[in-house]
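Hi there,

Here is the structure I promised to pass on to you. Have a look at it first, and then read my notes below.

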Amino acid sequence: MADRVKFILQKRTALKSQITGLANLFEKGTADNTALKLRLNRLTVLYNAFEEYNDELAILDPDDVHQTEFSQIQERFYSLASKIENFLNTTGLANASTSSVSSGNPSDNSVPTANKRRMKLPDAPLPTFNGKYENWLSFKNAFHDRIGSQADLSDIDKLHYLKSALTDDAASKINVLSVDGINYAKAWSLLERSYEVKRILISRHLSKILNLPILERESTSGLTKLADDTQQHLASLSALGVSVGSEMVVHILETKLPKHTIDKWEIGLERDEVPTLDQLYEFLYKTAVSASKRERAKSSDSERNKSEPPIKRRKFQSANQAFVANTTPNCAACKIKRHPIYLCDAFKKLTVQKRIDLVKKARLCYICLRSHNNKPCKFMNCTICNKRHNSLLHIENYTPIHKSDTTQSVIVKKD
């Protein structure tokens, strides 16, 4: 059963990857209508198959997390399919309109095509551009699809839309141009000369990946934005002909995660496993779902407490605090704070041998410095000697004595 669940989860990851790929292709505007239609039909077949897999998954592993992730995939699929269908229908109407004019309809011969509006502009807001290099490619593709490629818009109309889409530094670039029928091409050419500098664009997107914000806590918005921003910058680099090794990106993203989150990520990996970027994306989105559930529960408790009388609220808070105090032990080293022992300054000030004695007395794992009920520890080895103990317990000239029921090792200093 476990293998079947793993297979279905892999299918889900592949579907998410295909949805993301088609979304990036659609946003770039690099595919023609026929290619978009074929890709959408293929994606629809995959999605329909996955719906059946999801029903099976609900029976094999009835976890709310699976259903939440399926709902997210479902929303992304329908949203993308709707956008593409609307785009194909809109361009189909525009092409049909152009064909009817060029076919020689007598009633329209006296009216220039450029001065006639054959279709209504999309209700969606125009993309905006503020002059930041890293935003140029996405703006260029989106504006060209919405406005620049529309044959029934005059140059004056296009220039008006372009001016309304530009802000800050980008807007000042074309303020010197007058609004007349010949200056849209000049304005667009000026923007391309100013911002489509391949060397600067590559440098800026690489810098954005390297300087992604470090998450101080595990939150839905933080984890999702980390994954989304990374994919956006990598897509822009790919459009510029630059490929960044997935191992390097995985390493960079790992340095941006909170300690608690990176511990969960490490525990889910085998000792010599080199994770892929898609695996890390899946982990980030899945962890974001779990964080969302915690945030909703916390928000519900807060709202419920607000509606209760003050006296009852104080009693509830006191009981809750007592529960935490009784179930969360203090640090074995400082005896004051409730934090992991490896974060304790008092523990770090001890000699290595005293640290070992303290860990042994507290019945903690010698590798991860936690308590996990004799389950095999998947934490990394000592970074100094690569033996099965924590780096904080490393001493020179030691003899490891392995226990048969755990993966820990007791360190005994030689005389």
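Let's start with helix α5: the cover over its buried residues includes α4 and α7 (184-195). Contact here means heavy atoms within 4.5 Å, and buried means under 20% relative accessible area, with exposed over 50% and partly exposed in between (1.4 Å probe, protein chains only). Helices (H or I, at least four residues) and strands (E, at least two) are DSSP runs, numbered from the N terminus.

Before going on, please note that this is a predicted model, where local features need pLDDT of at least 70, side-chain atom pairs count only at pLDDT 80 or more, and totals for chains, interfaces and linings use all residues. Residues are numbered from 1 along each chain as its sequence is written, and side-chain values use heavy atoms, leaving out hydrogens and water.

Which residues are buried in α5 (residues 155-165)? They are Lys 158, Leu 159, Leu 162 and Ala 165. These residues sit on the same side of α5 because they cover an arc of only 125 degrees around the axis (taking the directions from the helix axis to the C-beta atoms).

Now to α4 (residues 136-148), which holds Asp 145. Asp 145 counts as buried because its relative accessibility is 18%. Leaving aside residues up to four places away in sequence, Asp 145 touches Phe 26, Glu 27, Gly 29 and Gln 150.

Finally, the whole protein: it has 15 helices and two strands, and 36% of its 415 residues count as buried.

Enjoy exploring!
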